[in-house]
Structure formats: C-alpha cells, structure tokens
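Hi everyone, thanks for coming.

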Amino acid sequence: MAFRWKNTLTSDDVTPYAAYLNRRQLMAGAAAGAIAGAMPMASRAQDALEPNTWEEITSYNNYYEFGTGKDDPARNAHRLTIDPWTVRIDGLVDKPGDYSFADILSQMTVEERIYRFRCVEAWSMVIPWNGFELADLLDWVGVQSSARYVAFETAMRPEEMPGLASPVLDWPYVEGLRLDEAMHPLTMMATGIYGRDIPKQNGAPMRLVVPWKYGFKSIKSIVRISLVEEEPPASWNVTNPREYGFYSNVNPNVDHPRWSQATERRIGGGLFAKRQPTLMFNGYEEDVASLYDGMDLSEFI
Ligand code: MTE
C-alpha cells in the first residue's frame with residue numbers, strides 16, 4: 001500500500017458523544033490525528049464536514065430485512081441477535097474459518113473516520129464511523145494471489161427479520177467489491193458510530209463502508225466474506241441491472257434512469273434547505289479515480 005489514509009478529524013470534533021468514547025477509541029483517534037499532519041492525501045475533502053446527529057443517523061435507514069420504510073429498521077432491528085456473532089471467511093484465503101466477531105475485533109485497530117455517505121436515492125449524511133480497514137482483516141486471513149473479488153453476505157434470519165417475508169430482493173442481501181477496491185485504505189468495516197457500538201438498524205455488529213460508492217454497496221450485518229475469482233452477485237444489481245450497476249460509484253454525471261444524480265438532499269438540512277451538488281466519487285476522487293483508469297464510467301455504472 002503506497003499510503004495509509006488517516007482522517008484529520010478526531011473524536012474531539014464530535015463532542016456531543018465524546019462522553020461515550022472508551023479509552024481505546026480515544027487513543028486510536030489521537031493517533032490518527034497525530035499521523036494526519038504527515039498525510040495530506042485524502043483529507044482535503046473532509047475538512048468542512050459537519051456530522052449528522054446520532055438521531056438522524058439512527059432513525060432514517062435503509063435495511064430492507066427489517067422493512068422498506070425509513071423508520072422500519074429503527075423500529076424492528078432490536079430483534080436481531082448479535083451476540084454471539086460469527087463471520088465465515090472463506091474462498092481463496094490462507095486461513096479460512098468461522099471467526100467470532102470478538103476475535104476479529106481483538107486483532108484490528110479501531111479508529112474514527114468521518115465520511116460522506118450518499119444513497120443512490122439522492123439523500124446524504126455525514127457519519128462519524130468507528131471501525132477498521134477492511135485491508136487489515138484481509139491481510140490477517142491472507143489473500144491468495146488468484147483472488148480478484150470479495151463477496152459479502154448479510155445474515156438471513158426470517159424469525160428475526162420481518163422484511164424477509166417480502167420478495168423485494170433475493171435474500172440474503174449480498175454485495176461485492178473488486179479486490180483493489182476492497183484493499184483501498186478508505187474502505188472500512190464499521191463497528192461503531194460516535195464512539196458507541198453501531199446500532200442494529202445501521203448494521204451491527206459490523207458492516208461495510210465504501211464512501212465513494214452509493215450506499216447500497218455498504219452491506220450490513222455481515223456473516224460471510226469470500227475471496228473469489230469471478231465478479232460476485234450484488235443484490236440490487238441482480239434485481240435491476242439496468243438501474244444498479246456492480247460498481248455503483250457516486251457520479252453526478254450519470255443519472256439514475258428515473259432521477260438525476262447531480263444533486264443531493266442532506267438529511268437534517270430542514271425542509272427548505274438547498275440541495276447540494278453531488279461530488280464525483282462523493283468527494284473522494286483524488287483518492288480513488290485511479291482505480292478506474294481506462295474504464296468508461298457511463299458504461300460501468
Ligand atoms: N444492507 C442490507 N443487508 N440490507 C439493506 O437493505 N441497504 C443499503 C445499505 N446496506 C441495505 C444494506 C442501502 S440502500 C443504504 S443507503 C445503506 O445501507 C443505508 O445505511 P444506513 O441505514 O446506515 O444509513
């Protein structure tokens with residue numbers, strides 16, 4: 001990896017919930033702040049970010065396993081059992097196995113990252129995540145040289161997830177990344193928000209966050225990670241390939257067939273707030289554009 005991306009903002013910037021931060025997370029935040037001075041890359045787009053409130057982030061959600069209404073996940077996700085939680089890591093890895101979430105966490109460095117989050121439905125938030133780099137997890141299990149993609153799968157528990165009764169998607173929810181996208185230092189596994197454990201409606205105990213892609217790539221409550229050779233299925237792409245591509249990079253110049261992607265509505269901005277221009281790769285262009293050199297982004301949506 002040519003560089004290690006660190007956020008310039010630390011837990012001090014999100015004071016309302018600083019009281020909830022445990023010592024470990026505070027220390028990780030301080031370390032990230034110290035390194036940031038020497039790491040100018042990627043942080044420019046972060047400078048003026050004002051995070052959404054805890055209430056906004058945890059009450060306006062998409063998690064169709066718990067219903068398709070924006071407030072269904074907050075109402076229903078309490079049914080999800082997350083302790084114990086096991087993640088199967090398999091396929092083209094040196095150390096395949098069933099790993100407990102606690103074991104994974106004990107091996108990872110948790111830090112805070114304040115990222116833009118842009119849903120394909122054209123709303124957005126700014127979220128102070130806590131989590132670790134997916135690359136660290138993949139390095140820990142050892143990726144074999146033939147692996148080209150990473151496939152992810154969400155838990156599928158009809159008794160806990162009332163939304164599974166509806167055929168809106170082919171369950172379980174699945175997603176995928178190309179290996180270089182998965183290994184990119186911006187790509188993280190989120191385990192917290194505002195220094196607290198990530199709420200169930202946001203994808204407890206661990207969910208993917210890929211800040212330059214539409215939100216549906218950021219799959220929640222992951223139970224399986226597989227290293228594979230071929231492009232894996234992705235739920236929305238399978239359901240409607242014309243409207244949702246495998247890549248799904250945020251791109252203001254390529255409209256959704258049914259609406260413009262040029263602007264976005266910031267959640268919490270109030271009823272009369274002006275829509276904001278959507279940024280190429282959601283503001284992370286300098287960091288990630290090179291991943292797509294030579295690709296026609298209106299074709300590879
Ligand atoms: N993951 C699963 N398993 N099920 C879902 O319905 N929705 C996706 C993504 N991950 C979804 C999911 C979509 S469309 C978005 S915009 C984000 O989660 C929403 O994340 P948030 O509720 O934490 O803001």
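Predicted model: local features only at pLDDT ≥ 70, side-chain atom pairs only at ≥ 80, totals over all residues.

**Starting from one tyrosine**

Residues are numbered from 1 along each chain as its sequence is written, and side-chain values use heavy atoms, with hydrogens and water left out.

Back to Tyr194. You'll find Tyr194 in the loop between strand 7 (188-193) and strand 8 (196-197). When I say helix or strand, I mean DSSP runs numbered from the N terminus: H or I with at least four residues for helices, E with at least two for strands. Is Tyr194 buried or exposed? Tyr194 counts as buried because its relative accessible area is 4%, where buried means under 20%, exposed means over 50%, and partly exposed is in between, using a 1.4 Å probe and protein chains only. The phi angle of Tyr194 is near 50°, a positive value in a residue other than glycine. The C-alpha atom of Tyr194 is also 9.5 Å from that of Pro51, although 143 residues separate the two along the chain.

**The whole chain**

Now let's zoom out. The protein chain has eight helices and 12 strands. Of its 301 residues, 56% are buried. The accessible surface of the chain is about 13000 Å², and carbon and sulfur atoms hold 53% of that; these areas come from the Shrake-Rupley method with a 1.4 Å probe, and for residues only the protein chains shown count as cover.

What about contacts, meaning heavy atoms within 4.5 Å? Among contacts in the chain with a separation of 6 or more, 74% are between residues 24 or more positions apart.

**The largest pocket**

Next stop, the largest pocket, with a volume of about 440 Å³. It is lined by 28 residues, and the closest to its centre are Asn62, Tyr63, Tyr173, Gly215 and Phe216. The search runs on a 1 Å grid over the protein atoms alone: a cavity is a set of points where a 1.4 Å probe fits but cannot get out, whereas a pocket is an open set with protein on both sides within 12 Å along at least five of seven lines, and lining residues have an atom within 4 Å of a point. Grid points are joined across faces, edges and corners, and the volume is the space filled by probe spheres set on the points.

Which strand gives the most to that lining? That would be strand 4 (residues 123-133), with four residues. By type, the lining has 18 nonpolar, six polar and four charged residues. Here Ala, Val, Leu, Ile, Met, Phe, Trp, Tyr, Cys and Pro count as nonpolar, Asp, Glu, Lys and Arg as charged, and the others, Gly among them, as polar.

Gln201 is buried, with a relative accessible area of 13%, and its side chain reaches the backbone oxygen of Thr58 at 2.8 Å. Beyond neighbours within four places in sequence, Gln201 is in contact with residues including Tyr63, Pro73 and Lys220. That loop between strand 8 and strand 9 also holds Pro205, which a cis peptide bond joins to Ala204, with omega about -5°.

A cis peptide bond also joins Trp171 and Pro172, with omega about 0°. Pro172 lies in the loop between strand 5 (149-154) and strand 6 (174-178).

Then there is Ser226, in strand 10 (residues 222-228). Ser226 is buried at 11% relative accessible area. Its side chain makes polar contacts with the side chains of Asp90, at 2.6 Å, and Arg224, at 3.3 Å.

Last, Phe281 sits in the loop between strand 12 (276-277) and helix 8 (285-288). Phe281 counts as buried because its relative accessibility is 2%, and its phi is near 50°, a positive value in a residue other than glycine.

Technical notes. Contact = heavy atoms within 4.5 Å. Polar contact = N/O pair within 3.5 Å; in protein donor to acceptor, adjacent residues only side chain to side chain.
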